[in-house]
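Visitor: Hey, walk me through this one, please. I'd like to start with pockets.

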Amino acid sequence: FLSGMQRILKIIVISLAMCLAGAVAEELEILELTPHFNLVFVHGKDAARGHQQADVYCRNLTNNPLMANFSSSKDWLLRGHLMSVHDPNLMPQYVMPWVLQHSQEAFWIGGVVYKVRHGHRDQLIQFWVDRSEPHFRNFHTPIKAIEEAPYNKPLCVSVDYDSGRWGAHSCRNKLNFVCQVMRFKVLSLPGYQAEKTLGSGKRRN
């Protein structure tokens with residue numbers, strides 16, 4: 001969905017001023033990649049959250065006034081989650097330069113991994129919290145945290161701001177995070193309703 005012919009339509013930098021001792025509590029940076037696919041980087045003094053809490057925040061963005069250009073209606077639905085990555089160009093060409101303008105810290109994306117025992121071998125299970133197809137292209141294994149983790153204990157995927165590499169950490173760690181907010185066209189068909197994804201960034205090989 002991203003190619004050399006495509007470009008960022010616009011970057012809207014919006015700060016949410018929440019005055020606690022005169023400081024900005026959290027800031028939202030919005031990157032509009034297509035009319036149907038926005039990324040939102042959440043950072044600032046009180047922005048850091050555990051992985052599950054970060055995903056809840058992303059899901060609630062669909063009700064945020066900042067998403068007015070993405071507003072839901074009877075014809076459109078919004079869906080928010082921590083970001084999943086399905087295009088190899090998305091991180092190096094778009095996300096990392098954009099995030100680094102605002103923060104020099106690691107951040108969550110929507111990946112989760114855990115180790116299971118399958119026969120006589122260990123197997124690594126990977127998934128995205130939005131339940132899209134799990135391609136972890138920049139995930140470097142083996143990772144000490146995974147090797148030492150108990151079986152069936154989830155670890156969550158963060159991105160190192162310096163190298164751009166993905167690592168697995170305790171999901172309770174509090175980090176900044178990148179959300180995705182997608183807009184879906186609702187199709188009215190006889191007997192039921194179906195959703196058609198537009199610009200979701202999902203890519204099958």
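Guide: Then the term comes before the number: on a 1 Å grid over the protein atoms alone, a pocket is an open set of points where a 1.4 Å probe fits, with protein on both sides within 12 Å along at least five of seven lines. Grid points are joined across faces, edges and corners, and a volume is the space filled by probe spheres set on the points.

Visitor: Got it, what volume does the largest pocket have?

Guide: About 240 Å³. Keep in mind that this is a predicted model, where local features need pLDDT of at least 70 and side-chain atom pairs pLDDT 80 or more, while totals for chains, interfaces and linings use all residues. Numbering starts from 1 along each chain as its sequence is written, and side-chain values use heavy atoms, without hydrogens or water.

Visitor: Which residues line the largest pocket?

Guide: Among them are His 51, Gln 52, Gln 53, Asp 55, Phe 127, Arg 131, Cys 156 and Cys 171; lining means an atom within 4 Å of a point. Helix 1 gives the largest share, 4 residues (helices are DSSP runs of H or I with at least four residues, strands are E runs of at least two, both numbered from the N terminus). By type, the lining has 6 nonpolar, 3 polar and 3 charged residues, with Asp, Glu, Lys and Arg as charged, Ala, Val, Leu, Ile, Met, Phe, Trp, Tyr, Cys and Pro as nonpolar, and the others, Gly among them, as polar.

Visitor: Where does Arg 131 sit, by the way?

Guide: In the loop between strand 6 and helix 3. Arg 131 counts as exposed because its relative accessibility is 66% (exposed is over 50% relative accessible area, buried under 20%, partly exposed in between, with a 1.4 Å probe and protein chains only).

Visitor: And what about the phi of Asn 152?

Guide: Also near 65° and positive, again in a non-glycine residue. Asn 152 belongs to the loop between helix 3 and strand 7 (155–159), and at 52% relative accessible area it is exposed.

Visitor: Switching to rings: how many aromatic pairs does a search of the whole structure find?

Guide: It finds 5. Rings of Phe, Tyr and Trp (its six-membered ring) pair if their centres lie within 6.5 Å; planes under 30 degrees apart are stacked, over 60 edge-to-face, the rest tilted. One of the pairs is Phe 41 with Phe 107, edge-to-face at 6.1 Å between centres and 70° between planes. Phe 41 is in strand 3 (residues 37–43) and Phe 107 in strand 5 (residues 107–118), 66 residues apart. Phe 41 and Phe 107 are buried.

Visitor: What about Tyr 57 and Phe 177?

Guide: Edge-to-face too, with 5.4 Å centre to centre and 80° between the planes. Tyr 57 is in helix 1 (residues 51–60) and Phe 177 in strand 9 (residues 176–189), so the pair ties together parts 120 residues apart in sequence. Both residues are buried.

Visitor: Which residues do ring pairs link into a cluster?

Guide: Phe 41, Trp 98 and Phe 107.

Visitor: And what lies over the face of Phe 184?

Guide: Arg 79, at 4.9 Å from the ring centre (the rule is NZ of Lys or CZ of Arg within 6 Å of the centre and within 35 degrees of the ring normal). Lys 115 lies over the face of Tyr 151, at 4.9 Å from that ring centre.
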